[in-house]
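I opened this notebook to record what I looked up in the model, taking one topic at a time.

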Amino acid sequence: MPRIGVFVCHCGSNIAATVDCAGVAEATRGFPGVVHAADFKYLCAETGQNLIRDAIAEHRLNRVVVASCSPRMHEPTFRKAVAQAGLNPYLMEMANIREHCSWVHADRQVATAKATEIIRMVVAKVARNEPLTAKQVGLTKRLLVIGGGIAGIQAALDVANAGYQVTLVERTPTIGGKMAMLDKTFPTLDCSACILTPRMVELSQHPNIELRTYAEVLSVKGFVGNFEVEILQKARKVNHLTCTGCGTCWQKCPEKNVPSEFDVGMGRRTASYIPFPQAVPNKPVSDTANCRSVRHLAAKERGEKLMECRVCEKLCPTKSIDWEQKDEIIVDRFGAIIVANGYDTFDHSVYGEYGYGKYPDVITGLQLERLMNASGPTKGEVVRPSDGKHPHSVVFLACVGSRDDKVGRPYCSKICCMYTAKHALMLKEHDPNIQTYVFYLDIRAAGRGYEEFVRRVQEEYGSTYIRGRVSWIYPQDGKLIIKGEDTLLGRPVEVEADLVVLATGITAASGAVDLMQTIGISYDTYGFINEMHPKLRPVETNTDGVYLAGCASGPKDIPDSVSQASAAAVKVCGLFSQDYLTTDPMTSVVDQMKCVGCFLCEEVCPFRAVERETLRGGKVVARINESVCKGCGLCVAACRGEALNLKGFTDQQLLAQVTALLRA
Amino acid sequence: MSTYAYYPGCSLHGTAKEYDRSARLVCQALGLELREVEDWNCCGASSAHMVSHWLALSLPARNLQPVEKMGLETMTVPCAACYARLKDVSCELKDPEVRAKIGRVLGDQVTGRVTVEPLIGTLTTQEILDKAASLIVKPLTGLKVATYYGCLLTRPPKVAQFDDPENPQSMDRLLRTLGSEVVEWYFKTECCGASLPVARTDIVLDLSRKLLAAAKKAGAEAIVTACPMCHSNLDSRQGEIRGRYGDDFKMPIFFFTELLGLALGYPARELLIANHLTDALSLLQGRGLA
Ligand SMILES: Cc1cc2nc3c(=O)[nH]c(=O)nc-3n(C[C@H](O)[C@H](O)[C@H](O)COP(=O)(O)OP(=O)(O)OC[C@H]3O[C@@H](n4cnc5c(N)ncnc54)[C@H](O)[C@@H]3O)c2cc1C
Ligand code: SF4
Ligand code: SF4
């Protein structure tokens, strides 16, 4: 016989303000099976939990209903509390009278009645609860990091230093991400490469880290502790085991006119190349779209003629060039994944008023970083792309592709105010006679030392800040005319410039949505990853065992990206410190007597938890792999023969709930 | 023959008679019948929307009603300012609440079914361009023009739905079809001072001067417009600009329909080009076009 105890929580005034809690407790005393009912100010507090534990002993309760907040909040708390009193934790059910009732109603009488009905249903359910036991499964203590920017690098190093094996997958030929492209970094102006490259080298030499550049993740199966991942290693046409990185091939490659991705089109590279001198690995990749020998092979297959080149093959001292090398698929197992795929910058070619991306002397912030960089295409000389001349007057535009509904980007990119101030300062350092103007909407400089930095740029470095959006840029006599409004003076302004730099906003990395879908994690309309909880679980995704770091979840500067990476690393280490994972016992089960083997369940299961089993008579039926099953219940709904049931949410329990409500 | 409701607006009955005349002539030649909207009233530009939102909607809305009664679906509008108001209200009328309210204001049922087009749009569909090409009598070969769309035709982009809000193309295509050379310049959609010539002549002089200077610099011999207000500012203020700034542009300003009419063989006299305040005939005579 069920002996049910009902505990009604006031949640301070959150519930008590609209629900008569004592009245509700009183009303539930008459419900079938209820032998005890009480109300209390804060059930989640230690005193509240004691109240429940004592009542279990005193009234010999074998079922408990806690009527309070959403189970998303405190289910683990109360399960633990009843377990301490010797009850199976799954014999406790929560009735949500806060989110589902007190918070959404104003009329006290109606809310009180509704709370009573909610509890009536849960009482009917809990009477049919069965004790459940959680299972334990082993885990693979290896981490997969996707993306080799500063966030991915930091996370990989932290976890590897804790003694766990890490594989880092980066899709370009080198790690380093955007930070490798930067010149100096705000607000302290340390040289980006100087602080980054030691980490890149440390990573490549770390005994616990396997680095896979020029590689991508193809598929992810499995679950926390046991992911099975397919990784595509793209053919580099260079054998990295024998290559010594001597540089002969990229120095001699005759195909010298490929726009460099790393220099954002400001410079050129060869077909066999390393993106920049300190690239890690410091070994080349032959870019198949541009390599003459690869193109020759492809042409031959199509029966066309094309001159073959093979210069690198002839000159390579270690004979490492391998035209036959093919893309390869590697299957590996990991216990956790950190997604650090970073960001891209907004494509400003949608702005007709700024010349549709066609004026050569209208460049982006990232392009300016490459021009200012001593190892960049101009060796650190800031010159105009159109004629190679030094600019004397430079205009910066903030919020390009940010805070602009017109282009579908309402959000603030957070870092561009700061990097624009940095650019204005650096240009003055390069040439004290240069004039800089910054058109801005608001200055967002909320970080330690950030506001002071912007002030310095305005006051000491004499940059003219004009508040307003630029409406129009057009070329005239070899210069650019910038028109806008000074919204502080309420007057139109016109500035003549040699160079215009657009602070293009932060967007999700290209291919981000595909990647999120491959992994199975949720993302927002812009392709940024959604955190499990924006405040309390900022580096976890909605899939157990998958974590995030850096700009993958939205605009961030380097300090924020690194902090997140270390936070994600701690989460992974916490996971790996366990030898077993406890799985939720609320999985579905097959009644094999009823199963007709139609396998509709197999088709609908998003987690591939349905397996096939041949019974002695030869009948093939479904079986659920309990460590894979997430308890989503899709199969239960799909099964036409009622052979499936979900533990903790059986058909019988749910029907009892509905019946209780309808009979009342 | 396709038939359009034609809303001339006050300018085309007054200061821009040549636009009206040339528009009617070229449409006839191209097989488009224009039927003037019966009992039309002021579109509300450019003052109604400064005083009352509902007045600014009701005035143009009242011009859409007769179109349906005339059994027509599409209205073509030569004036850019009228077009902006009429197009705006035709979009607003998609909202049933707005429809109901305006219906009450006008004391008549409003359906909002009429489509509003600018005349420059009506006359630059591929079909019309092909037809014009086949009817050219006097190609405008060698005539270097700057196309000037003005600020109202393409804005706001969501309402106007013009080909490209920042670098519009349709007038360029038309003039190239007629054989003229279209110069590249960046002032296609800049403001000429619009309705300010009386209240703030200084602003109109400043802005119009910039436009004229830019067109001249780009190598244009003439500016082509699709708006009576732009035409009036650029055409009639060149003397004052000379007086104030010393620049003597002598830049002929045409309506696009005038150049289309010339190419189709209409004499300049019939197109009323002599009405312009800045001499345009000398240029045309020099080219054997008038
Ligand atoms: C012009 C400019 C100036 C800046 N200046 C500063 C500054 O001075 N100070 C500062 O603190 N911050 C600055 N920032 C911000 C800084 O760049 C970022 O905070 C930082 O780079 C974020 O690192 P990340 O690792 O999250 O992303 P990223 O650097 O973008 O790295 C992501 C990596 O993941 C890889 N990747 C992407 N998709 C996949 C995939 N599907 N599979 C495998 N790999 C993938 C990418 O190739 C890349 O290597 C600046 C940004 C810009 C645009
Ligand atoms: S950080 Fe500054 S420049 Fe960037 S979007 Fe926000 S307000 Fe605009
Ligand atoms: S409940 Fe069914 S569908 Fe859902 S994960 Fe488990 S087996 Fe798959």
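**Ground rules**

I am working with a predicted model, in which local features need pLDDT of at least 70 and side-chain atom pairs count only at pLDDT 80 or more, while totals for chains, interfaces and linings use all residues.

**Domains**

I looked up the division of chain A and noted domain 1 (4–126), domain 2 (142–339), domain 3 (343–507) and domain 4 (587–646); such bounds come from an automatic or database domain assignment.

In chain B I found domain 1 (2–120) and domain 2 (138–286), with 24 Å between their centres, taken over C-alpha atoms. Here the contact draws 26 residues from domain 1 of chain B and 26 residues from domain 2 of chain B.

**A sheet in chain A**

Helices (H or I, at least four residues) and strands (E, at least two) are DSSP runs, numbered from the N terminus, and two strands pair if DSSP finds at least two bridges between them. On that basis I noted an open sheet of three strands in chain A, in the order 24-25-26, with antiparallel pairing. Strand 24 (470–476) and strand 26 (491–497) of chain A each have a single partner strand and stand at the edges, so one side of each is left without a neighbour in the sheet. From one strand to the next the twist averages 20°, with axes being lines fitted to C-alpha atoms (for helices over the stretch in contact) and angles running from 0 to 180 degrees between N-to-C directions. I then followed the antiparallel pair of strand 24 and strand 25 (residues 479–486) of chain A, which six bridges join, and saw that W472(A) stands opposite K483(A) in strand 25 of chain A.

**Ligand shells**

Which residues are around ligand 2? Counting a residue as near if one of its heavy atoms lies within 4 Å, I listed A398(A), C399(A), S402(A), R403(A), C412(A), S413(A), K414(A), I415(A), C416(A), C417(A), D442(A) and R444(A). At least two residues of this shell come from each of strand 21 (393–400) and helix 11 (416–430) of chain A. By class I noted six nonpolar, two polar and four charged residues around ligand 2; Ala, Val, Leu, Ile, Met, Phe, Trp, Tyr, Cys and Pro count as nonpolar, Asp, Glu, Lys and Arg as charged, and the others, Gly among them, as polar.

Around ligand 3 there are 13 residues, of which C605(A), C629(A), C632(A), G633(A) and C635(A) come nearest. That shell divides into nine nonpolar, three polar and one charged.

I place A115(A) in helix 4 (residues 108–126) of chain A, where A115(A) counts as buried because its relative accessibility is 0%; buried means under 20% relative accessible area, exposed over 50%, and partly exposed in between (1.4 Å probe, protein chains only). Setting aside residues up to four places away in sequence, I found A115(A) touching V19(A), V24(A), I97(A) and C101(A).

T185(A) lies in strand 8 (residues 184–185) of chain A and also counts as buried, at 6% relative accessibility. Beyond its neighbours within four places in sequence, T185(A) is in contact with D190(A), S192(A), I195(A), K422(A) and I558(A).

**Backbone geometry**

Most residues other than glycine have a negative phi, and most peptide bonds are trans. I noted a cis peptide bond from V280(A) to P281(A), with omega near 0°, and P281(A) lies in the loop between strand 15 (272–273) and strand 16 (285–286) of chain A. In chain B, a cis bond joins R155(B) and P156(B), with omega about -10°.

Y214(A), which is not a glycine, has a positive phi of about 55° and is buried, with a relative accessible area of 13%. Q161(B) has a positive phi near 50° and is exposed, at 59% relative accessible area.

Definitions and conventions:
Residues are numbered from 1 along each chain as its sequence is written. Chains are lettered from A and ligands numbered from 1 in the order in which they are written. Side-chain values use heavy atoms; hydrogens and water are left out. Contact means heavy atoms within 4.5 Å.
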